[in-house]
Amino acid sequence: MKKKWKPSASIKDLIKRSKIIANIRSFFLKKNVMEVETPTLSQSAVTDINLTSFETNYLSCKNDVKKIKLWLITSPEYHMKRLLSAGSGSIYQICHSFRNQEFGQYHNPEFTMLEWYQVSFSMEKMIEEIDSFFQKILNFDKSDKISYQKIFIKFLQIDPLSTNLSELFKCYKKFKLEHLTYLENDLNKLIEMLFTLQIQPFLGKEKPLFVYHFPLEQASLSAVNKEDNRVSERFEIFFKGIELGNGFYELTDYFEQKNRFIKDNKKRCNMNFPEQKIDEHFLNAMKNGLPPCSGVAIGLDRLIMIALNKKSIDQVMSFSFDRS
């Protein structure tokens, strides 16, 4: 077992990591996508019920000592979209992001994220561009892609867009997961859990797989599909059963985005989670005009882990949480 003062990864692997990141920057340089930097500390948290932010305080001593509440970013998304609204054009960023309550084989409370936005790209065009990125960085042939609806039907013979609680309970019983239905009876949550437990581990065994058109209830910050309002313009990327990235054809409607934040906070209250301060700077930028664009957030540690054929992300990080 490694001594705690030593790096989590070997120096040899950290050199390989450095070269992969250099190749990533080279990819974007050739594509004329600008690299940007945005704050790590934010005056607002995120409302997403699946994310827990780290909270801290800035102490102002100008007059009386005053505490200003701040949060470490869970991703640079809101700040980068403010740059897009200001006319930056296509941009990317490699930065540290922070998520509380996340530590394990594929998680670390502090991790490296690649966030990337392409102006005037549809979801389909963005998927093709990311596929090109993976071919260069992972040295693989063309990726596969399939809709959320089709992958659900393929694995479980259930249509997630028209299923009901009775059908889902039978499926949970089939896989001996009945205990989970005692804790949860929300249709969408049950669909999400089935995807995570019974589908995701088997995705992208040979090469990356894009799963697109997630149900509208899982839209997050993505736009609604114009042809089928049951689904969103959201996609995720899987390789060897691991989620590598989450992407959207971005929602640009200020009013819809504000309503989603409000709904998130209502869900938080119902779950006895703290209500989060909505990022008004981000909303004002959207009101000013977020250009049509697609974006993706890729977990860089996971990507490098797969590129170097490692079993956990701590094997490609200088210092994981337990050595920090």
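**Entry 1: the model**
I am working from a predicted model.

**Entry 2: N32**
I looked up backbone angles. Most residues other than glycine have a negative phi. I then checked N32. Its phi is near 60 degrees, a positive value, and N32 is not a glycine. Where does N32 sit? I found N32 in the loop between α1 (11–31) and β1 (34–35). Is N32 buried or exposed? Its relative accessibility is 69%. Exposed means over 50%, so N32 counts as exposed.

**Entry 3: N272**
I turned to N272. What is the phi of N272? I read a positive value of about 60 degrees, and N272 is not a glycine. I placed N272 in the loop between α8 (254–270) and α9 (280–289). I looked up its accessibility next. N272 has 71% relative accessibility, so I noted N272 as exposed.

**Entry 4: the sheet**
I moved on to the strands. In what order do the three strands of the open sheet run? I wrote down β2-β4-β3, with antiparallel pairing. Which are the edge strands? They are β2 (41–42) and β3 (55–60), and each of them pairs on one side only.

**Entry 5: β2 and β4**
I followed one pairing further. β2 pairs with β4, which covers residues 66–72. How many bridges join β2 and β4? I noted two bridges, in the antiparallel sense. I then picked out S42. Its bridge partner in β4 is W71.

Conventions
Residues numbered from 1 in each chain as written. Predicted model: local features only at pLDDT ≥ 70, side-chain atom pairs only at ≥ 80, totals over all residues. Heavy atoms only, no water. Helix = DSSP H or I, 4+ residues; strand = E, 2+ residues; numbered from the N terminus. Buried < 20%, exposed > 50% of the residue type's maximum accessible area, 1.4 Å probe, protein only. Pairing = 2+ DSSP bridges.
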